[in-house]
Amino acid sequence: MMRKTSLVLLSAATGAAVMLFVTQPRAVLMGSSARAATSDTYRQLNLFGDVFERVRSDYVEKPDDSKLVESAISGMLTGLDPHSSYMDAKSFKDMQVQTRGEFGGLGIEVTMEDGLIKVVSPIDDTPASKAGIMSNDIITNLDDEAVQGLTLNQAVEKMRGPVNTKIRLKIIRKGQDNPIDVTLVRDNIRVRSVRARVESDDIAYIRITTFNEQTTEGLKREIGALTTQIGADKLKGFIIDMRNNPGGLLEEAVTVSDTFLERGEIVSTRGRNAEETQRRTAHAGDLTKGKPLIVLINGGSASASEIVAGALQDHKRATLVGTRSFGKGSVQTIIPLGSGNGALRLTTARYFTPSGKSIQAKGIVPDIEVLQDVPDELKSRTDTKGEASLRGHLKSEGDEKTGSQSYVPPDAKDDKALKMAADLLHGVKVNATAPATGDKAAIDKPANKVAN
């Protein structure tokens, strides 16, 4: 889910008049076509009304009219793409709470696939992560109710609830013969979106787990704290870990990128309407003072994570290490429908990196690909298929790419991508596959870089 602010662009009066004059004959023809299309639309709406009345009068049990309408709206939106949906009043309120970074639930990011709930990633230090829920797990039942037939919002609503209440999940996990039953206790999920530590005595390691309203402030706070703790002269550079970060708010992706850039475009959004086409640019003031920057991504890095990674890569401000990202290159606008009526989450634009690349159904390719050593018992379930595997996804402008490895070792000493990042910052010459060329690359300590 991504939030954006609309900017209405007004044409000059003379320009509009000229366009009207030049295209007037065509406008008449288009008007005729539009009237025909409108007439056909009204016939379809009449069909919907007939079906609605037949269900109300003849269904075996008396249906709830409001539920029928909500289901029809939900069906219309979910038929567009995997990320458009209808939120009733409660779901809308829950979404607003979640973007503020605190809510009651399990701490699990999910999507809908083939009518079932698929785990994108558990949020760190939540009931879901502590219970061992994994990316790519398929949730088939919530308590005794099958997920099949529920919308994504309905399933999420059932997983949320009062703190200290229990819910039982039935999970299908690739490589396991039998379903897994897991009982979780709901907790007050305070999404601490930024965590940090000192790595190897002279490297600032910062992990961004999601993009909510607290992310940029948390990032700035940690940059300052680690710079002071290590010492500006001793500090070799920063590692920004966005692996398995499913995304979040567009505005936060922009401000996080701006934290490391002096100038230049961060992202552009292009939609069907003029107000959906915008360019966001950086402001002067790299808070890291140009220190070398390594960004870690993988198959679970999606949406807002990809905006940040794409901006820093295109400006050559950071070296990207890991595996290809998820490939969600669309923006969802939240459109309130009035008091008590909930809201639409509607895909309104695609976003593009500063160089004009769309990552939709492709993902961001790292500068240095690093594959983790995966335990044998996990090898069958450590790859994320990516946006291209989602039914009804927006098509890519070019060849689509499948997902990639999303496994992150629980112990830092086994984390090959993290070790690679540390070696780069320490100036250790390393050999690694460079996906863009397929050649071997000898990497020395990156030069301090700023946006062009």
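Trainee: What volume does the second largest cavity have?

Mentor: Keep in mind that the model is predicted. The second largest cavity has a volume of about 60 Å³.

Trainee: Which residues line the second largest cavity?

Mentor: Its lining includes R243, I297, N298, Q372, Y407 and A417. By class, the lining of this second largest cavity has 4 nonpolar, 5 polar and 1 charged residues.

Trainee: How many cavities of 30 Å³ or more does the structure hold?

Mentor: There are 4 of them. The largest cavity has a volume of about 80 Å³.

Trainee: Which residues lie nearest the centre of the largest cavity?

Mentor: Those are K118, V120, N136, F326 and T384, out of 13 lining residues. Strands β3 (108-113) and β4 (116-122) each supply at least two residues of that lining, and β4 gives the most, with 3 residues. By class, the lining of the largest cavity has 4 nonpolar, 6 polar and 3 charged residues.

Trainee: Now the helix. Why is helix α10 described as largely enclosed by the rest of the structure?

Mentor: Start with the general idea. An α-helix has 3.6 residues a turn, so residues three or four places apart point the same way. In α10 (residues 416-425), 8 of the 10 residues are buried, so this helix is largely enclosed by the rest of the structure. Among the buried residues are A417, L418, D423 and L425.

Trainee: What is found at the start of α10, and what follows the helix?

Mentor: At the start, a side-chain oxygen of D415 reaches to within 3.3 Å of the backbone nitrogen of A417. G427 follows α10, and the phi of G427 is positive, near 80°.

Terms used:
Residues numbered from 1 in each chain as written. Predicted model: local features only at pLDDT ≥ 70, side-chain atom pairs only at ≥ 80, totals over all residues. Heavy atoms only, no water. Buried < 20%, exposed > 50% of the residue type's maximum accessible area, 1.4 Å probe, protein only. Helix = DSSP H or I, 4+ residues; strand = E, 2+ residues; numbered from the N terminus. Polar contact = N/O pair within 3.5 Å; in protein donor to acceptor, adjacent residues only side chain to side chain. 1 Å grid on protein atoms, 1.4 Å probe; cavity = no way out; pocket = protein on both sides within 12 Å on 5 of 7 lines; lining within 4 Å. Points joined across faces, edges and corners; volume = space filled by probe spheres on them. Nonpolar A, V, L, I, M, F, W, Y, C, P; charged D, E, K, R; others polar.
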